[in-house]
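Welcome to this short tour. Open the model in your viewer, keep the selection tool at hand, and follow along stop by stop.

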Amino acid sequence: MTAVIAIGDQKIEDKELFPLLAKYGMLTQLAREIIIDRAIADIDCTPEEENFARSRFYQQNQIASEERVQDWLRQNGMTAEQLDRLVSREIKLEKFKQQAWESKLESYFLQVKEQLDKVVYSLIRTKDAGIAQELFFRIQEGENTFAELAKEYSQGAEAQTGGLIGPVELHVPHPQIGRMLASSKPGQLWPPARIGDWIVILRLEKYLSCELDPPTRQRLRDDLFQQWLAGQLQTVSFPGEIPANVPVS
């Protein structure tokens, strides 16, 4: 057998690579990269795109000379041709995402928009139902501001901000709080409600509706890609039982 990796005085042979990848939980990552390579195999980059990708890669890896290129190749066990494929891979992947899902973004956006909308809200939480009721009436009657009472009585980190939280996406708070906020109008004050171990007083300050702008489009493309990739990984199988006693030192 041929030793393919030397780590100190340890030489790892080719027959040991598969068990080692399994031992360190890296087989799924390997399968993921192979699936991606197959998906982008027929996608081309323009010379301008390749030059841009190479410049960005060199900058990220602090490669400023041909000597450093050769050092990097030796350290990573790559050829120059493999490096060329690596630096253009990200651009090809983004092109693949656009080709596969750009036409589906508007309908997908409508499906998930409510989860992407953001809210700013005020929260007081306590474990004393009597105090919660009193604080609610004091805010409702204008005796004190929400912020004043949150700073004094709220028992969570929100006390430091006068009860103010956000902007956060609607899926971030507790699901019950999210539902309350989704059905609120700005300024609406909710009476004390039990949520888990807490009694909470809640007020929606601002509702920020998500738009299908370029960052959101990128996020949705990435989301659809990850869903597709997860489905592809479900079809992967690894034959046989992998030995667990592969030497690592």
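What covers the buried residues of H4? Helix H3 (47-60) and helix H5 (80-101) are among the elements that do.

Before you select anything, a word on what you are looking at. This is a predicted model, in which local features need pLDDT of at least 70, side-chain atom pairs count only at pLDDT 80 or more, and totals for chains, interfaces and linings use all residues. Residues are numbered from 1 along each chain as its sequence is written, and side-chain values use heavy atoms, with hydrogens and water left out. Helices (H or I, at least four residues) and strands (E, at least two) are DSSP runs, numbered from the N terminus.

**Stop 1: helix H4**

Select residues 66-76, which form H4, and pick out its buried residues Val69, Trp72 and Leu73. Buried means under 20% relative accessible area, exposed over 50%, and partly exposed in between (1.4 Å probe, protein chains only). Now look down the axis of H4: the buried residues fall within an arc of 100 degrees, so they line one face of the helix. The arc is that of the directions from the helix axis to the C-beta atoms. Turn to the face away from the buried side and you will find the exposed residues Glu67, Arg74 and Gln75. After H4 comes Gly77, with a positive phi near 60 degrees.

**Stop 2: H4 against H5**

H4 and H5 pack at an angle of about 95 degrees, with their axes 10 Å apart. Axes are lines fitted to C-alpha atoms, for helices over the stretch in contact, and angles run from 0 to 180 degrees between N-to-C directions. That angle makes H4 roughly perpendicular to H5; angles under 35 degrees count as roughly parallel, over 145 as roughly antiparallel, 65 to 115 as roughly perpendicular and the rest as oblique. Show the side chains where Val69, Trp72 and Leu73 of H4 meet Ala80, Leu83 and Leu86 of H5. Contact here means heavy atoms within 4.5 Å. This contact has six nonpolar, no polar and no charged residues. Ala, Val, Leu, Ile, Met, Phe, Trp, Tyr, Cys and Pro count as nonpolar, Asp, Glu, Lys and Arg as charged, and the others, Gly among them, as polar.

**Stop 3: H2 and H10**

Next, select helix H2 (residues 27-40) and helix H10 (residues 214-233), whose axes come within 10 Å and cross at roughly 115 degrees. H2 is thus roughly perpendicular to H10. Among the residues making the contact are Ile35 and Ile36 of H2 and Trp228 and Leu229 of H10. By class, the contact of H2 with H10 has eight nonpolar, three polar and one charged residues.

Zoom in on Ala31, in H2. Is Ala31 buried or exposed? Ala31 counts as buried, at 11% relative accessibility. Not counting residues up to four places away in sequence, Ala31 touches Leu233 and Val236.

**Stop 4: helix H1**

Select residues 14-23 for H1, where Glu16, Pro19 and Leu20 are buried. They cover an arc of only 105 degrees around the axis, which puts them on the same side of H1. Just after H1, Gly25 takes a positive phi of about 65 degrees.

**Stop 5: Phe136**

Finish at Phe136, found in helix H7 (residues 129-140). Phe136 is buried, with a relative accessible area of 7%. Leaving aside neighbours within four places in sequence, Phe136 is in contact with Leu189, Trp190, Pro191, Pro192 and Ile201.
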